[in-house]
Amino acid sequence: MKKLIYLVALFCTIPLISQEQSNTISVIGETEKTIIDQNYTVIIALQQIMVYDGQVEVEATSLEDVTRNYIKKLDEAGIDFSRFRRNTYYELAMSYGQNRETAYYYLKTTNKDEARKIINLKASGVSVASSEVEPKKLTDKELAALSTKAIENAREKAELIAKKLNKTIGEIVSISDQNTNMQYIQSYGTTSLQPHSVTVAFELK
């Protein structure tokens, strides 16, 4: 008997729940954020120089000599090689494709001009293996401010849509904010502006 009463009550409640869920409007609110560069990492490859002697490759310049020459070039450019760190992980990752002695080093700097100088520095046996720009992380306060603006935009959109339907919006029912403090720079991007969006559901009256 108790089970029967429970089922009757449940069946009576389902339409009310469905009606409540249908009387909402969910929109995506947007604003823009500026991505700011913070760190620059350049990975360079120092490689033994080989030349062909007939059908056989022979060493023309050893890795040690290539390294010494590069250190000299860096010194002339005002950069201390001791600031570089050996990148053994990169060496292991790239070892399958190497047929000559190679060493990888990286320098992480906050100076964009310094990073550009390293990238543009030319030396025999030296190449830029990779370069990376790390953006500044947003603080919780900055993140909250952006999301608040996006929520305001969502309300404006919801009001315009509701007006077209001869309705009005009420309180916020739910907010879905999946933004994080970590920022990302788009490859080959031409702008530092990126969207910041939040999904907001309102009561629809």
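**Notebook: sheet, core and salt bridges**

I started with strands S2 and S6, which are joined by 8 bridges and run antiparallel. In that pairing, Val-42 has Leu-107 of S6 as its bridge partner. Helices (H or I, at least four residues) and strands (E, at least two) are DSSP runs, numbered from the N terminus.

Before going on, I noted that this is a predicted model: local features need pLDDT of at least 70, side-chain atom pairs count only at pLDDT 80 or more, and totals for chains, interfaces and linings use all residues. Residues are numbered from 1 along each chain as its sequence is written, and side-chain values use heavy atoms, with hydrogens and water left out.

**The sheet**

Which order do the strands take in the sheet? I read S5-S6-S2-S7, an open sheet of 4 strands with antiparallel pairing. Strands S5 (85–86) and S7 (126–135) are the edges; each has a single partner strand, so one side of each has no neighbour in the sheet. As a reminder to myself, strands of a sheet pair through backbone hydrogen bonds, either parallel or antiparallel.

S5 is joined to S6 (residues 102–109) by 2 bridges, and the two run antiparallel. Arg-85 stands opposite Tyr-106 in S6, while Arg-86 has Tyr-105 of S6 as its bridge partner.

Is S6 enclosed or open to the outside? I found 6 of its 8 residues buried, so S6 is largely enclosed by the rest of the structure. For the record, buried means under 20% relative accessible area, exposed over 50%, and partly exposed in between (1.4 Å probe, protein chains only).

**Helices on the sheet**

I looked up what lies across these strands. Helix H2 (residues 63–76) lies across S2 (37–47), S6 and S7, and runs at about 140° to S2. Helix H4 (residues 112–120) also packs on the sheet, where it touches S2, S6 and S7, and its direction makes about 20° with that of S2. Contact here means heavy atoms within 4.5 Å. Axes are lines fitted to C-alpha atoms, for helices over the stretch in contact, and angles run from 0 to 180 degrees between N-to-C directions.

**Core and rings**

Which residues have the most contacts inside the largest nonpolar core? I got Ile-44, Leu-46, Tyr-70, Phe-84 and Ile-118, in a core of 19 residues. S2, H2, S6 and H4 each supply at least two residues of this core. A second, separate core has 12 residues, including Ile-151, Ile-169, Val-198 and Val-200. A nonpolar core is a set of buried Ala, Val, Leu, Ile, Met, Phe, Trp, Tyr and Cys residues joined through side-chain atoms within 4.5 Å.

Tyr-70 kept turning up in my notes. Leaving aside neighbours within four places in sequence, Tyr-70 is in contact with Ile-44, Leu-46, Phe-81, Phe-84, Ile-118, Leu-121, Ala-123 and Val-126.

For rings, I used this rule: those of Phe, Tyr and Trp (its six-membered ring) pair if their centres lie within 6.5 Å, and planes under 30 degrees apart count as stacked, over 60 as edge-to-face and the rest as tilted. I count 5 aromatic pairs by this rule. The ring centres of Tyr-70 and Phe-81 are 6.4 Å apart with planes at 90°, so that pair is edge-to-face. Tyr-70 sits in H2 and Phe-81 in the loop between H2 and S5, 11 residues apart. Tyr-70 and Phe-84 are edge-to-face too, because their ring centres lie 6.5 Å apart and their planes are at 75°. Phe-84 is in the loop between H2 and S5, 14 residues from Tyr-70. I found Tyr-70 and Phe-81 both buried, and Phe-84 is buried as well. Ring pairs link Tyr-70, Phe-81, Phe-84 and Tyr-105 into a cluster.

**Salt bridges**

How many salt bridges does the structure hold? I found 8 (a side-chain nitrogen of Lys or Arg within 4 Å of a carboxyl oxygen of Asp or Glu). One of them joins Glu-134 and Lys-108, with the closest N and O atoms 3.2 Å apart. Glu-134 is in S7 and Lys-108 in S6, so the pair ties together parts that are 26 residues apart in sequence. Lys-108 is partly exposed at 45% relative accessible area.

Asp-65 forms a salt bridge with Arg-68, the closest N and O atoms being 2.2 Å apart. The two are 3 residues apart in H2, which means about one helical turn between them. I have Arg-68 as exposed, at 53% relative accessibility.

Notes: Two strands pair if DSSP finds at least two bridges between them.
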